[in-house]
Amino acid sequence: MAGVIRKFFIASMFMWVAPVAILYGFNHNLLPGSTQLSPHYLTLVSGFLAVISVNVVIALYVYMAMKEPSDKHEPDPAFLAEAKASVSQSTNQADNSSQPGKKQQ
């Protein structure tokens, strides 16, 4: 569980740091070629790259989650028992309500 929380924390930090670093780099002329851009185009490019960086971080986080082995995750037995009881109770109620009452003649 600690590994999952650590991965989530790292991905969350990159989701904040990457776009801010890109915007800072463009606005302070730290990236090569950014001095030749007009202010309007500089804003568009830096914003677009910041959004792309967040999407890349999300995609990498999803990829890491999909690579996790699924055999180590076991459902809680108490939750399973409660869910089975709930399903059987709801199916019994549905069966009782769908049967029409006897008509008196």
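The following legends describe close-up views of a predicted model of one protein chain.

**View 1. The chain as a whole is built from three helices and zero strands.** From the N terminus on, the elements run α-α-α. The chain has 105 residues, of which 11% count as buried. Its accessible surface comes to about 9000 Å², and 66% of that surface belongs to carbon and sulfur atoms. Among contacts between residues at least 6 apart in sequence, 60% join residues at least 24 apart.

View 2. The mean pLDDT of the chain is 83, and 84% of its residues reach 70 or more. Where pLDDT is low, the predicted coordinates should not be read in detail.

**View 3. Two segments carry the UniProt feature "transmembrane region", which comes from an unreviewed entry.** The record places this feature at residues 7–26 and 41–63. In the model, residues 7–26 are 100% helix and 0% strand, with the end C-alpha atoms 28 Å apart. Residues 41–63 are likewise 100% helix and 0% strand, and here the end C-alpha atoms are 33 Å apart.

**View 4. Helix H2 is shown along its length, together with its buried residues.** H2 has 29 residues and reaches 42 Å from its first C-alpha to its last, close to the 42 Å expected at 1.5 Å a residue. Its buried residues are Leu42, Ser46, Ala50, Ser53 and Val57. An α-helix has 3.6 residues a turn, so residues three or four places apart point the same way. What covers the buried residues of H2 includes H1.

**View 5. Serine 53 is a buried residue of helix H2.** The relative accessible area of serine 53 is 12%, which is under the 20% limit, and the residue therefore counts as buried. Leaving aside residues up to four places away in sequence, serine 53 touches Ala18, Pro19 and Ile22.

**View 6. An aromatic pair joins phenylalanine 8 and tyrosine 61.** A search of the whole structure finds one such pair. The ring centres of phenylalanine 8 and tyrosine 61 are 6.1 Å apart and the ring planes stand at 65°, so the pair is edge-to-face; the cut-off for that class is an angle over 60 degrees. Phenylalanine 8 lies in helix H1 (residues 2–27) and tyrosine 61 in helix H2, so the pair ties together parts that are 53 residues apart in sequence. Phenylalanine 8 has a relative accessible area of 49% and is partly exposed. Tyrosine 61 is also partly exposed, at 27% relative accessibility.

View 7. Not counting residues up to four places away in sequence, tyrosine 61 touches Lys7, Phe8 and Ala11. Of these, Phe8 is the partner of tyrosine 61 in the edge-to-face pair. Serine 12 is 49 residues from tyrosine 61 in sequence, yet the two are 9.4 Å apart in space, C-alpha to C-alpha.

Conventions
Residues are numbered from 1 along each chain as its sequence is written. This is a predicted model: local features need pLDDT of at least 70, side-chain atom pairs count only at pLDDT 80 or more; totals for chains, interfaces and linings use all residues. Side-chain values use heavy atoms; hydrogens and water are left out. pLDDT is the predictor's confidence in each residue, from 0 to 100. Rings of Phe, Tyr and Trp (its six-membered ring) pair if their centres lie within 6.5 Å; planes under 30 degrees apart count as stacked, over 60 as edge-to-face and the rest as tilted. Helices (H or I, at least four residues) and strands (E, at least two) are DSSP runs, numbered from the N terminus. Buried means under 20% relative accessible area, exposed over 50%, partly exposed in between (1.4 Å probe, protein chains only). Contact means heavy atoms within 4.5 Å. The expected span of a helix is 1.5 Å times one less than its number of residues. UniProt positions are given in the numbering used here, feature names are shortened, and annotations may be inferred rather than shown by experiment. Accessible areas come from the Shrake-Rupley method with a 1.4 Å probe; for residues, only the protein chains shown count as cover.
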